[in-house]
Each structure stands twice: as structure tokens, then as C-alpha cells.
Amino acid sequence: MKKQKGILYGLGVGPGDPELITLKATRVLNVVDEVFAAASTKNAYSLALSIAKPHIPDLTSVRMLYFPMTRDKSAVEKVWKEHAQTIINQLEQQKKVAFITLGDAMTYSTYGYILKYIQEMAPQFPIVSIPGITSYQAAAACLNTPLVEGEDSLLLTSGSKGGDRLRAFAAKPECVVFLKAYRGVEDIAAAIKEAGVYQDAIAISNCSREDEKVYRDIEELCDRRPDYWTLIFAKQKKVDETLKS
């Protein structure tokens, strides 16, 4: 009789509200043998785990994987490989395991790095990636503001290094979203203003969580570093609004 192979599930668990996790992700959490979650070496906290916890059976094993907050690429890659091997060890025992990640599994995700190394190191194991609701989708819903309509374009980018990604576009997208905006908020605000085509930018911290906060004037954030879970988005003025201004 052929042995069943281990399976890795990559689960996007949504932006923060445990009710925004998908039905498919909750079903998987109820059948896997072990759940892996990422955390910083500075603390043992995992937002992804706090979201998923209500959906994980009490007897299911949960293991934290710690990642250093460093720009030393070689040190980071070493840890990625070590954690990938930890997961592979469980797959080799024919276990079903899940790696949970905040938001969507394929959008600025810790899982994306783990996925790459496991595919390289153990390509024989099946992998199922399950998408999740992103923070910017939740933010747009919170504000009842469509991100794009008709033929509009959307720029989704990291804001960790400021607003240069927006500056690089000669033709500005109708909507721009900066994730990881907590460090580069001043330069992001400057880049949006320089573009000259956007309405006032809006920032949201801890979207869909109890401590969610909306900043309708991002200048408020320029005098202090915002919360880690902060995003900024701005939409272009409509043609008729531009003519009136």
C-alpha cells in the first residue's frame, strides 16, 4: 500500500478580525497535524496566530518559528533554510502541516520565502496555498471606498523605503496603496503631494482589529512613528473634480 505523502498548506488568515478568515482556511486548520507561525526573535507574538487561534483545535500542535529582524542577508537566508527543514522533517513523517501568515499567502508574505525554500529542498511534497483577505481590501471596505473602477489601475507597493516607487511612475496610477508604511510615512506623504493628482491620503492602522484607527490627514503621522501595522492609500481626483479645483 502506497504511503500518503505529507502536505504543506500555506494559509492566509486575513488582516486581523478572526471572522475574516476564509471557510477553506478554517477547514484546513481543523484537519492538520501541526500549525507553524512566524514571530520575531525579539518576542513570541504572532498576529497571524492570534487571528487563527479560535479556529485551531485545542489538541493541535502549534510551533513558533523565530526570524531575526536584520538586514544581514546571509543570516536571514540561513534561518529561512533552517525553518524550511523543520517543516520538511514533519512532511517526511507523512504529516499534514499548515504555515499561517497574515493577510494573503502570496502578498508580501513570510510564507512566500518558506514556500520557495521548501520547493527547492523537497519538491516531492504537495503544497496547497490558500489565499486570504488583505489589509488593503479590508481598509477599503472599512472606509466604504472602492479602490479601482472601470479602467482604473492600482499600484500596490511597500512603503518601507518611502515614496520612491510612486515617483518612478511617469503616468500615475488612479489608486496607490503603500503597505509597511510605518517607517517611511514622511517621504510617502511627500511623494503623494508631489504627484499633484491625489485627494488627501488616508492611513489606517490595525485594520479590522479592536484598536483600528483611521487617519484622514497623514500629516498627523509625520510627527511620530505610526503603528507597525499601518497602510496608506490615496486615489486620484476624478476629472470633473480636478476641473473644479
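The model is a predicted one, so local features are kept at a pLDDT of at least 70 and side-chain atom pairs at pLDDT 80 or more, while totals for chains, interfaces and linings use all residues. Residues are numbered from 1 along each chain as its sequence is written, and side-chain values use heavy atoms, with hydrogens and water left out.

**Salt bridges**

Let's start with the charged pairs. The structure has 6 salt bridges (a side-chain nitrogen of Lys or Arg within 4 Å of a carboxyl oxygen of Asp or Glu). Three of them are listed here.

| Pair | N to O distance |
|---|---|
| Glu34 and Arg63 | 3.1 Å |
| Asp187 and Arg167 | 2.9 Å |
| Arg167 and Glu194 | 2.8 Å |

The salt bridge between Glu34 and Arg63 links distant parts of the chain: Glu34 sits in strand β2 (residues 34–40) and Arg63 in strand β3 (residues 61–67), 29 residues apart. Helices (H or I, at least four residues) and strands (E, at least two) are DSSP runs, numbered from the N terminus. Glu34 is buried at 5% relative accessible area, while Arg63 is partly exposed at 30%.

Now for Arg167, whose side chain meets that of Asp187 in a salt bridge. Asp187 belongs to helix α7 (residues 185–195) and Arg167 to helix α6 (residues 164–167), so this pair ties together parts 20 residues apart in sequence. Asp187 is partly exposed, with 29% relative accessible area, and Arg167 is partly exposed at 29% as well.

Arg167 also forms a salt bridge with Glu194. Glu194 is in helix α7 and Arg167 in helix α6, so here the parts tied together are 27 residues apart in sequence. Glu194 is exposed, at 53% relative accessible area. Through shared partners, salt bridges join Asp164, Arg167, Asp187 and Glu194 into one network.

**A pocket**

The second largest pocket has a volume of about 260 Å³. On a 1 Å grid over the protein atoms alone, a pocket is an open set of points with protein on both sides within 12 Å along at least five of seven lines, and lining residues have an atom within 4 Å of a point. The volume is the space filled by probe spheres set on the points, which are joined across faces, edges and corners. Its lining has 14 residues, and Ile192, Lys193, Gln199, Asp200 and Ala201 lie nearest the centre. The lining splits into 6 nonpolar, 2 polar and 6 charged residues. Here Ala, Val, Leu, Ile, Met, Phe, Trp, Tyr, Cys and Pro count as nonpolar, Asp, Glu, Lys and Arg as charged, and the others, Gly among them, as polar.

**Single residues**

Leu155 lies in strand β6 (residues 154–158) and is buried, with a relative accessible area of 11%. The C-alpha atoms of Leu155 and Leu166 are 8.1 Å apart, and the two residues are 11 residues apart along the chain.

Trp229 is in the loop between β9 (213–215) and β10 (230–235) and is partly exposed at 35% relative accessible area.

Most residues other than glycine have a negative phi. Asn144 has a positive phi of about 50 degrees although it is not a glycine. Asn144 is in the loop between α5 (135–142) and β6, and is exposed at 68% relative accessibility. Ser208, also not a glycine, has a positive phi of about 75 degrees, and lies in the loop between β8 (202–205) and β9.

Note on methods: 1 Å grid on protein atoms, 1.4 Å probe; cavity = no way out; pocket = protein on both sides within 12 Å on 5 of 7 lines; lining within 4 Å. Buried < 20%, exposed > 50% of the residue type's maximum accessible area, 1.4 Å probe, protein only.
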